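This report looks at a surface patch, at aromatic ring pairs and at a pair of strands. Please keep the sequence and the structure at hand while reading.

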Amino acid sequence: MDFLEEPIPGVGTYDDFNTIDWVREKSRDRDRHREITNKSKESTWALIHSVSDAFSGWLLMLLIGLLSGSLAGLIDISAHWMTDLKEGICTLGIWFNHEHCCWNSNHVTFENRDKCPEWNSWSQLIISTNEGAFAYIVNYFMYVLWALLFAFLAVSLVKVFAPYACGSGIPEGYLGKWTLMIKTITLVLAVSSGLSLGKEGPLVHVACCCGNILCHCFNKYRKNEAKRREVLSAAAAAGVSVAFGAPIGGVLFSLEEVSYYFPLKTLWRSFFAALVAAFTLRSINPFGNSRLVLFYVEFHTPWHLFELVPFILLGIFGGLWGALFIRTNIAWCRKRKTTQLGKYPVVEVLVVTAITAILAFPNEYTRVSTSELISELFNDCGLLDSSKLCDYENRFNTSKAGELPDRPAGVGVYSAMWQLALTLILKIVITIFTFGMKIPSGLFIPSMAVGAIAGRLLGVGMEQLAYYHHDWAIFNSWCSQGADCITPGLYAMVGAAACGVTRMTVSLVVIMFELTGGLEYIVPLMAAAMTSKWVADALGREGIYDAHIRLNGYPFLEAKEEFAHKTLAMDVMKPRRNDPLLTVLTQDSMTVEDVETIISETTYSGFPVVVSRESQRLVGFVLRRDLIISIENARKKQDGVVSTSVIYFTEHSPPVPPYTPPTLKLRNILDLSPFTVTDLTPMEIVVDIFRKLGLRQCLVTHNGRLLGIITKKDVLKHIAQMANQDPDSILFN
């Protein structure tokens, strides 16, 4: 009797925290697709089923886009309102943020559009005045109190309900429904607390959670892990699309940073998901400006060739800052993991929040949210701008429409420069300690803020240099007196693109281009981003996500690094010369008890099957999980299966003599085409095979005889050993 004619629930699936076998999953999907195609010719119903199967991928992308866009809109609106709640409330309705409150007011002028009688600060509500030292202290105290309350709620919810909702989620990637729910709530709280973090990385995580949960509605994706990962690639694109309002940048981000495997079909589906997500967010209009992002800008002045020099300087600064951030942040996170500090996540978050809030309140550029700060830095000053950054002395009579000449800086600009310099120091230092805490925290926006501040400082410096020394050789050919030569906002934008701690060169440039809508500034952005990458790569090859993956011990084989050593498969395989023999199963001479003993005494995820221990001729490979499930199922459903029943992996089993227990045929769970290499295969080829095929393990043979096995973790340890690192120091979680 072959009880395995019917599929057994659980066979072919994976335990949590296990690497999937891409080759096996793709093969299963091809078999499934072939079966559906063949059946579609038999009946109309089968044809409808075939069409719905083909369409299900696009429907899934539509749902992911709609859900991601809706959640992003909800997060944006909530975070904006709660950020303003730290400073006061609206008497027209507590649900209005500061901007919307003053929009609805009839007592507001254009110059003082942020000040209206309907918006009351906490000092006005508590002591009925907004003037004097005591009012300042009340506002200061309430700002810090709200920040601590938001941070405490965020870290407590993460700690109690969803520990994997912390961080950006990009290197970790836990994608359950609890993680989605808690991440959405705590992301709003974390951003509103005023900590130096962004919501952009976590929005990618939120979109991937949406993708993973919606996969369960479709059989094709629920039962195949490789297909599900294609969906997650598209979901990541949708996440970046709603985070930055950059659908094309989202697709490139997924291709450049997230995906292990990216077929052309996934490219188009990513594009569609990003498009739907962006459209949904645009329909919600969370910022009230009919734009997808808070800091959409348009510059009117063309850039000049000489300006490539300061743009490249910004690239050098961005590369140095990126390398410094990665090294110091990883050192701090390692200290958190290996000392008592890691046992007190709530205390750590509250201390960092308190320090951030206390230092942030006195400076108007650190008090506002980071997105608003970037928006202010990108701004191209007009005549009606009341910002300190636009406090220039107006010494002109006429100007071209929509264009102001370069002007001497006023008192406000000099004051803003000092405040921005202090903001830059605070952001650089505090972001190192903030990223990696047990709350949702993105890194795009804080790193962009650092670059934007440096860019604006340099831009104003260049502008004043051009104004006072327009007769210098470097300026006189293209900058005459009374002309609009330098745009400080453009320098801020180039600086933001240059500060790439993620090493995403292409997608970040496209994201910045989509943000600004200015194709003519693509060359400065590319020059700065490329310089930044070269400088950062010279100081260390890893981006921040790769560094966190390695720190957390996830067995991820990085595709960007070249393997340049002349070792062979026999140097890496297990067992080594003095090790015990490889644990194998024979095809027709082991009992259920023998197999169960091997399973209980080892922790291997699978076992090679050979003809006999003497010949060691390879037959196939069987997974531990499939063995356990099949034996348990046989004991329940097949009469007479006991510990002395012989297990057969052969196609035909011999007839059973009378009074002997029935045999157990497990041919159906045997992989008859496991990936094999010979013992003399160079390791650079083996590493390439593991990377490109996404293998879990590879068997090593010599003239058809099984010699050993190489697992993904063996490859990672060997790469570490070749890089003069201690291979045993790599802890795989």
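This is a predicted model: local features need pLDDT of at least 70, side-chain atom pairs count only at pLDDT 80 or more; totals for chains, interfaces and linings use all residues.

## Basis of the description

Helices, in the sense used here, are DSSP runs of H or I with at least four residues, numbered from the N terminus.

## A nonpolar surface patch

Two helices, helix 2 (44-85) and helix 11 (264-284), each contribute at least two residues to the patch, with helix 11 giving the most, namely 3 residues.

A pair of aromatic rings is described by the distance of the centres and the angle of the planes. The count of aromatic pairs in the model comes to 17. Among them is the pair of Trp 58 and Phe 272, which is edge-to-face, with 5.7 Å from centre to centre and 70° between the planes. Since Trp 58 lies in helix 2 and Phe 272 in helix 11, this pair ties together parts that are 214 residues apart in sequence.

## Aromatic contacts elsewhere

The rings of Trp 321 and Phe 325 have centres 5.2 Å apart and planes at 55°, so this pair is classed as tilted. Both residues lie in helix 12 (residues 308-338), where they are 4 residues apart, or about one turn of the helix, and both Trp 321 and Phe 325 are buried.

A cluster linked by ring pairs comprises Tyr 136, Tyr 140, Tyr 143 and Phe 361. Arg 367 lies over the face of Phe 361, at 4.4 Å from the ring centre.

## Strands 5 and 6

Strand 5 (residues 606-610) and strand 6 run antiparallel and are joined by 5 bridges; within this pairing, Phe 607 has Val 622 of strand 6 as its bridge partner. Of the 6 residues of strand 6 (residues 618-623), 5 are buried, so the strand is largely enclosed by the rest of the structure.

Key: Residues are numbered from 1 along each chain as its sequence is written. Side-chain values use heavy atoms; hydrogens and water are left out. Buried means under 20% relative accessible area, exposed over 50%, partly exposed in between (1.4 Å probe, protein chains only). Two strands pair if DSSP finds at least two bridges between them. Rings of Phe, Tyr and Trp (its six-membered ring) pair if their centres lie within 6.5 Å; planes under 30 degrees apart count as stacked, over 60 as edge-to-face and the rest as tilted. A charge sits over a ring if NZ of Lys or CZ of Arg is within 6 Å of the ring centre and within 35 degrees of the ring normal.
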